[in-house]
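Please find below a note on the model under review. The comments are set out as numbered points, to be read beside the sequence and the coordinates.

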Amino acid sequence: PDGVAVIDVTSKAEPAVRRIVKTPGGAWKAVPVGPDLIAVADGSMGVSIIDAAGPGAPRVVSRWGTKDYVRDIVVEVDGNRRFVYGACGMQGLALLEVTPGGGLSELGILKTEGDVRHLALSGSTVFAAAGEKGLTMARRKGDALAAVGGFDPGAADLARGVCVSPDGGRAFLT
């Protein structure tokens, strides 16, 4: 809930916290989206972007809100474009684009039947641990996100985590 800690790891023996960047929500995960920009899965407040190098940095420069809770994000780089996929609980999967200045643009939300909590990415295919519905898979085509498949294990509990093999041929669901 304190946000994102910026840690100087120049000295591996003595890492030092340089600053805590308070985000509007409860920060769950931070992922670089460029040399100076960091995307944050920011809980009930959606996705935040932190500028780590500009004047007054590090600081939150933009935010995308959601109706649900964002627990995880993954980032796809396609040429000079940066896409952020957000695990938005019962709202589904969000596809956002990061603008060069650190703004966020919503490209779409794919409604899923389950509670999306964790993501893995292989190319432009995103794999989502979708709670009681197991695995949901979607692919970005241009600026749109389309469902491409899924697997419902019929489990009594929630699927909470997913990872993908390096060749993208196998998904592992917990």
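1. Basis of the note. The model is predicted: local features need pLDDT of at least 70 and side-chain atom pairs count only at pLDDT 80 or more, while totals for chains, interfaces and linings use all residues. Residues are numbered from 1 along each chain as its sequence is written, and side-chain values use heavy atoms, with hydrogens and water left out.

2. Overall form. The protein chain holds 0 helices and 16 strands (DSSP runs numbered from the N terminus; helices are H or I with at least four residues, strands are E with at least two). Its radius of gyration is 16 Å, close to the 16 Å from the globule rule for 174 residues, so the chain is as compact as a globular protein of that length. That radius is taken over C-alpha atoms, and the rule is 2.2 Å times the number of residues to the power 0.38. The C-alpha trace spans about 50 × 35 × 35 Å along its principal axes. Of the 174 residues, 43% are buried (under 20% relative accessible area, with exposed over 50% and partly exposed in between; 1.4 Å probe, protein chains only).

3. Sheet β7 to β10. Four strands form an open sheet with antiparallel pairing in the order β7-β8-β9-β10; two strands pair if DSSP finds at least two bridges between them. β7 and β10 (104-110) are the edge strands, each pairing on one side only. The twist from one strand to the next averages 25°, where axes are lines fitted to C-alpha atoms (for helices over the stretch in contact) and angles run from 0 to 180 degrees between N-to-C directions.

4. Strands β7 and β8. In β7 (residues 72-78), 5 of the 7 residues are buried. This strand runs antiparallel to β8 (residues 81-87) and is joined to β8 by 7 bridges, with glutamate 76 partnered by phenylalanine 83 of β8. The two strands form a hairpin with 2 residues between them, and glycine 79 in the turn has a positive phi of about 65°. β8 also pairs with β9 in the antiparallel sense, over 6 bridges; here glycine 86 stands opposite alanine 94 of β9.

5. Sheet β11 to β14. A further open sheet of 4 strands has antiparallel pairing in the order β11-β12-β13-β14. Its edge strands are β11 (116-122) and β14 (144-151). β11 is joined to the antiparallel strand β12 (residues 125-130) by 6 bridges, and the bridge partner of histidine 118 is alanine 129.

6. Glycine 46. This residue lies in the loop between β4 (37-41) and β5 (47-51). Glycine 46 counts as buried because its relative accessibility is 0%. Glycine 25 is 21 residues away from glycine 46 in sequence, with 7.5 Å between their C-alpha atoms.

7. Largest pocket. Which residues line the largest pocket? They are Val33, Gly34, Pro35, Asp36, Leu37, Asn80, Arg81, Arg82, Glu97, Val98, Thr99 and Pro100. β8 and β9 (93-98) are the elements that give two or more residues to this lining. By class, the lining has 5 nonpolar, 3 polar and 4 charged residues (Ala, Val, Leu, Ile, Met, Phe, Trp, Tyr, Cys and Pro are nonpolar, Asp, Glu, Lys and Arg charged, and the others, Gly among them, polar). The pocket volume is about 160 Å³, meaning the space filled by probe spheres set on grid points joined across faces, edges and corners. On a 1 Å grid over the protein atoms alone, a pocket is an open set of points with protein on both sides within 12 Å along at least five of seven lines, and lining residues have an atom within 4 Å of a point.

Notes. On a 1 Å grid over the protein atoms alone, a cavity is a set of points where a 1.4 Å probe fits but cannot get out, and a pocket is an open set with protein on both sides within 12 Å along at least five of seven lines; lining residues have an atom within 4 Å of a point.
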